[in-house]
Amino acid sequence: MIDIGFYQLAERRAEAVLPQLITKALAAGHRIVVRAEDPALLARIDTALWSHAPDSFLPHGIDSDVGPDRVASQPVLLTGAPLPAGNAADCLAQVGGDLPDDLAGLTRAMFLFDADNLETARARWRVLAKGDGVRPVYWREGEGGRFEKAA
């Protein structure tokens, strides 16, 4: 069974939301791959993971920066590459774009999308909701930036 969280961003951008989601996923024992097609977005996420809280550290690296010899050792890998991830991730955080068709090897996925990707997210939800072994959950960003379970 794979849990897929659909996170609709309304007030904040992905780089503001991801540190908290990644912190929870790491605490649950996951290895994570964060996928985004835009290198500038990956750079903003990288900065956010380094600076989100002065008293904590989220171990991570961008695949193009750490090089092929260190990709496997990254608990959190930021990439634009297709799955499977070079760090043996079991948790995917997809930012924008679309979820990959093949989610083999994952136990959790987080799909973060904004109004520009709403139709893509709805289409993916319809497909996944009919599938076996998938548990989609819809989270809407409410007032104050808290996510509320909507479906």
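I began with the second largest pocket, which has a volume of about 230 Å³. I kept in mind that this is a predicted model. Fourteen residues is the count I noted for this lining, and L9, A14, L41, V95 and D114 are the ones nearest the pocket's centre. I then asked which elements give two or more residues to this lining, and found α1, α2 (39-51) and β6. By type, I sorted the lining of the second largest pocket into six nonpolar, two polar and six charged residues.

Next I turned to the largest pocket, where about 350 Å³ of space lies. I found 16 residues around this one, with Y7, Q20, L21, K24 and F147 nearest its centre. Here α1 (14-27) and β6 (108-113) each supply at least two lining residues. Which element gives the largest share of this lining? I found that α1 does, with five residues. The lining of the largest pocket divides into eight nonpolar, four polar and four charged residues.

Then I looked at α2 itself. I checked its length: at 1.5 Å a residue, its 13 residues should span 18 Å, and the end C-alpha atoms are 18 Å apart, so the two agree. I looked up which of its residues are buried, and got L41, L42, I45, D46, A48 and L49. Why do they sit on the same side of α2? They cover an arc of only 165° around the axis, which puts them there. My last entry is on packing: the buried residues of α2 pack against α1, β2 (32-35), β3 (61-62), β4 (76-79) and β5 (91-95).

Key
Residues are numbered from 1 along each chain as its sequence is written. This is a predicted model: local features need pLDDT of at least 70, side-chain atom pairs count only at pLDDT 80 or more; totals for chains, interfaces and linings use all residues. Side-chain values use heavy atoms; hydrogens and water are left out. On a 1 Å grid over the protein atoms alone, a cavity is a set of points where a 1.4 Å probe fits but cannot get out, and a pocket is an open set with protein on both sides within 12 Å along at least five of seven lines; lining residues have an atom within 4 Å of a point. Grid points are joined across faces, edges and corners, and a volume is the space filled by probe spheres set on the points. Helices (H or I, at least four residues) and strands (E, at least two) are DSSP runs, numbered from the N terminus. Ala, Val, Leu, Ile, Met, Phe, Trp, Tyr, Cys and Pro count as nonpolar, Asp, Glu, Lys and Arg as charged, and the others, Gly among them, as polar. The expected span of a helix is 1.5 Å times one less than its number of residues. Buried means under 20% relative accessible area, exposed over 50%, partly exposed in between (1.4 Å probe, protein chains only). The arc is that of the directions from the helix axis to the C-beta atoms. Contact means heavy atoms within 4.5 Å.
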